[in-house]
Amino acid sequence: MVGSLVGRVAIVTGAAQGIGEGIARRIISEGGQVAGVDIQGEGLASLERELGGSFLGIKADLSRALQPELIGYFIGYTIISFFLAWAWAIWRHPRVERGIFTQGAFRANNGIVGLALAAGQYGDYGLSVGGVLAGAVIVIYNVFSVFILSLYSDEVATDFRSLIKNLAKNPLILSVVFAIPVALADIELPGWVMTSGGYLAGMSLPLGLICIGGTLSVSAFKRSSTIALDASLWKLVWVPLLGVLGALAVGIHGPALGIIFLYLGCPGAAASFVMAKAFKSNDKLAANIIVITTFASMFTLSLGPFLLKWLGLV
């Protein structure tokens, strides 16, 4: 039926020619829009000119994005960085602040800042690899954050049953878990659901930043400045530095190494504040860490790639 796909957006791989091109044309003829992925940039550009605004070509080599060694290292080091930050918190900081410190020191804003930086620095390769890496650690970030915040929260039970319950109620984890079978089963959601979800997704980060800004206070910063600065130093310096050295040790070089640095050196995620609030932890400290890392990362994320290029590593 003509027009049956109005309001729908599809991602079509191999869209520059053959079967993929045919599928893309059919979807557009039914009123849908297509994001076409292919390694052949010229073919994609030709289709963009022909099909107009209904077709967006994305030049990417998905076979290069699926690098098991790179993905495995990134996941493994993310877990290691959590335990390193936790160990440092146990040694250096009061018990009540250890959960916030650990989350702020290891959790990065990969889905928004990291992916944009990777795409801007390394083009289609960065977009492809960055998307895979961001998807690979989102559950890890949330599971470990729930664990550490539960462990050190005076307001939340810390027994095993309560921990599992908190994990099961975490909205970010639930969204990923429920999205997987929907994607695998190729279930098509109603257009109004997709549109509403898109609006909510677009509003989430600005609303989170507004809440963070409203939480900031000079007095709170003075009380927790040492902890916030220490967590920020871990987030922007020690975690990416150790991560890059480890990547070099296992043979990761070139653009992949640059993406590792960008992802590990991203500022703290706004979701850290939301989770601190949910667990009745020190949300002001979480907000301070996010603000400090966001501003300081403008320097570190510029200096890091420069040094890697100067040393001939990327």
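Let's start at H93, which sits in the loop linking α4 (68-92) to α5 (98-106). Keep in mind that you are looking at a predicted model. Is H93 buried or exposed? With a relative accessible area of 8%, H93 counts as buried, because the cut-off for that label is under 20%.

So who are the neighbours? Leaving aside residues up to four places away in sequence, H93 touches W88, R98, F101, I227 and D230. Take I227 from that list: 134 residues separate I227 from H93 along the chain, yet their C-alpha atoms are 7.3 Å apart in space. Contacts that reach across the sequence turn up in the whole chain too. Of the contacts between residues at least 6 apart in sequence, 73% join residues at least 24 apart.

Now move along to the next loop, between α5 and α6, where you'll find R107. This arginine is buried but has no salt bridge. Which side chain of opposite charge is nearest to R107? That's D283, and it is 15 Å away, whereas a salt bridge would need a side-chain nitrogen within 4 Å of a carboxyl oxygen. What the R107 side chain does have is a polar contact with the side chain of S145, at 3.2 Å.

Helix α6 itself covers residues 110-151. Were its 42 residues in a straight helix, they would span 62 Å, but the end C-alpha atoms of α6 are only 25 Å apart. Look at Y122 and you'll see a kink of about 150° centred there.

Stepping back, the chain has 13 helices and three strands, and 43% of its 314 residues are buried.

How values were computed
Residues are numbered from 1 along each chain as its sequence is written. This is a predicted model: local features need pLDDT of at least 70, side-chain atom pairs count only at pLDDT 80 or more; totals for chains, interfaces and linings use all residues. Side-chain values use heavy atoms; hydrogens and water are left out. Helices (H or I, at least four residues) and strands (E, at least two) are DSSP runs, numbered from the N terminus. The expected span of a helix is 1.5 Å times one less than its number of residues. The bend at a residue is the angle between axes fitted to the seven residues ending there and the seven starting there. Buried means under 20% relative accessible area, exposed over 50%, partly exposed in between (1.4 Å probe, protein chains only). Contact means heavy atoms within 4.5 Å. Lys and Arg count as positive and Asp and Glu as negative; His and the chain ends are not counted. A polar contact is a pair of N or O atoms within 3.5 Å; within protein, one must be able to donate a hydrogen and the other to accept it, and residues adjacent in sequence count only if both atoms are side-chain atoms.
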